[in-house]
Amino acid sequence: MTTHARSIALLILMIAAGAATGQACDSYVKHDPGGDYTNPTDREGLTVVEQYHFTPEVERLVRGSSGSLGADIGYTLEHFPNHHRALAAMSKLALRDKNHRPYGARYSIDCYFDRALRFRPDDARVHALFGGYLLGLGQSDAALEQLKEAVRLEPGNATTHYNLGLLYLKRKDYEQARASARTAYGLGFPLPGLKNQLIAAGQWRDDD
């Protein structure tokens, strides 16, 4: 099974899990303002949504703007389902509160990722963020699939290669970790942490 097929299979399992718990995970219906976070035309309405619902304090998980944090971030994702920063904030909130459906949110965090990927399956950043969330839950196999898909979709993203390398290192797959590190540093990633950890593990070669 290919990486892409495994990612689709994971989404199907998530949808089934939502159905089993009685929670519907509806597909995104475009709002005005709203749409694709990466589309310049759709982003023209982004300021209106962020001004009232995704303020800096909401993004930092300090306090809600018009309601609870979950409600404000969820409202943002209702309008822009692949809003990268809002997905990151909802993930952090879910992990911080140990609640897969943060207070005030309409959907679970898995559903928010599901909706985003059904809407824009080629959004590499959403795959990378989902991988980070899954890794935070300790689900390294599922996280690996998402990060690999992110790299496939956006091979020039140094940060994703670096994070993938850290995951390979965690799994003690040193060959793949070195390969990801070489790619990340070749693309200009500035932090030496991955290389230093490989050196400490005796798994870095001078020709790397």
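1. Buried means under 20% relative accessible area, exposed means over 50%, and partly exposed is in between (1.4 Å probe, protein chains only). Helices (H or I, at least four residues) and strands (E, at least two) are DSSP runs, numbered from the N terminus.

2. Some ground rules. This is a predicted model, in which local features need pLDDT of at least 70 and side-chain atom pairs count only at pLDDT 80 or more, while totals for chains, interfaces and linings use all residues. Residues are numbered from 1 along each chain as its sequence is written, and side-chain values use heavy atoms, with hydrogens and water left out.

3. Back to H7. It covers residues 124–136, 13 residues in total. At 1.5 Å a residue it should span 18 Å, and its end C-alpha atoms are 19 Å apart, which agrees. The expected span is 1.5 Å times one less than the number of residues. Asp123 caps the N-terminal end of H7, with a side-chain oxygen 3.1 Å from the backbone nitrogen of Arg125. After H7 comes Gly138, which has a positive phi near 85°.

4. The overall fold is helical. The chain has 11 helices and 0 strands. Its pattern along the sequence is α-α-α-α-α-α-α-α-α-α-α. The chain has 208 residues, and 47% of them count as buried. It exposes about 10500 Å², with carbon and sulfur atoms supplying 53% of that area. Accessible areas come from the Shrake-Rupley method with a 1.4 Å probe; for residues, only the protein chains shown count as cover.

5. Contacts reach along the chain. Of those between residues at least 6 apart in sequence, 57% join residues at least 24 apart. Contact here means heavy atoms within 4.5 Å. Ala158 gives a local example. It sits in helix H9 (residues 158–170) and is buried, with a relative accessible area of 13%. Leaving aside neighbours within four places in sequence, Ala158 is in contact with Ala184, Leu187 and Phe189. Ala158 and Leu187 are 29 residues apart in sequence, yet their C-alpha atoms are 5.5 Å apart in space.

6. Now the charged pairs. Side chains of opposite charge can pair when their charged atoms come close. A salt bridge is a side-chain nitrogen of Lys or Arg within 4 Å of a carboxyl oxygen of Asp or Glu. By this rule there are 13 salt bridges.

7. Glu50 and Arg85 form one of these salt bridges, at 3.3 Å from N to O. Glu50 lies in helix H2 (residues 46–53) and Arg85 in helix H5 (residues 84–97), so the pair ties together parts that are 35 residues apart in sequence. Glu50 counts as buried at 16% relative accessibility. Arg85 counts as partly exposed at 32%.

8. Arg106 and Glu78 form another salt bridge, with their closest N and O atoms 3.5 Å apart. This pair links distant parts of the chain: Arg106 is in the loop between H5 and helix H6 (109–119), Glu78 is in helix H4 (residues 69–79), and they are 28 residues apart. Arg106 is partly exposed at 47% relative accessibility. Glu78 is buried at 16%. Both belong to a network of salt bridges that links Asp26, Glu78, Arg106 and Arg115.

9. Arg118 and Asp114 pair within a helix. Their side chains meet in a salt bridge at 3.1 Å, N to O. Both lie in helix H6, 4 residues apart, about one turn of the helix. An α-helix has 3.6 residues a turn, so residues three or four places apart point the same way. Arg118 is partly exposed at 33% relative accessible area, whereas Asp114 is buried at 1%.

10. Glu149 deserves a look. It is found in helix H8 (residues 140–153) and counts as buried, at 0% relative accessibility. Its side chain makes a polar contact with the side chain of Arg152 at 2.8 Å. A polar contact is a pair of N or O atoms within 3.5 Å; within protein, one must be able to donate a hydrogen and the other to accept it, and residues adjacent in sequence count only if both atoms are side-chain atoms.

11. Last, the annotation. Over residues 124–157 the model is 79% helix and 0% strand, with the end C-alpha atoms 9 Å apart.
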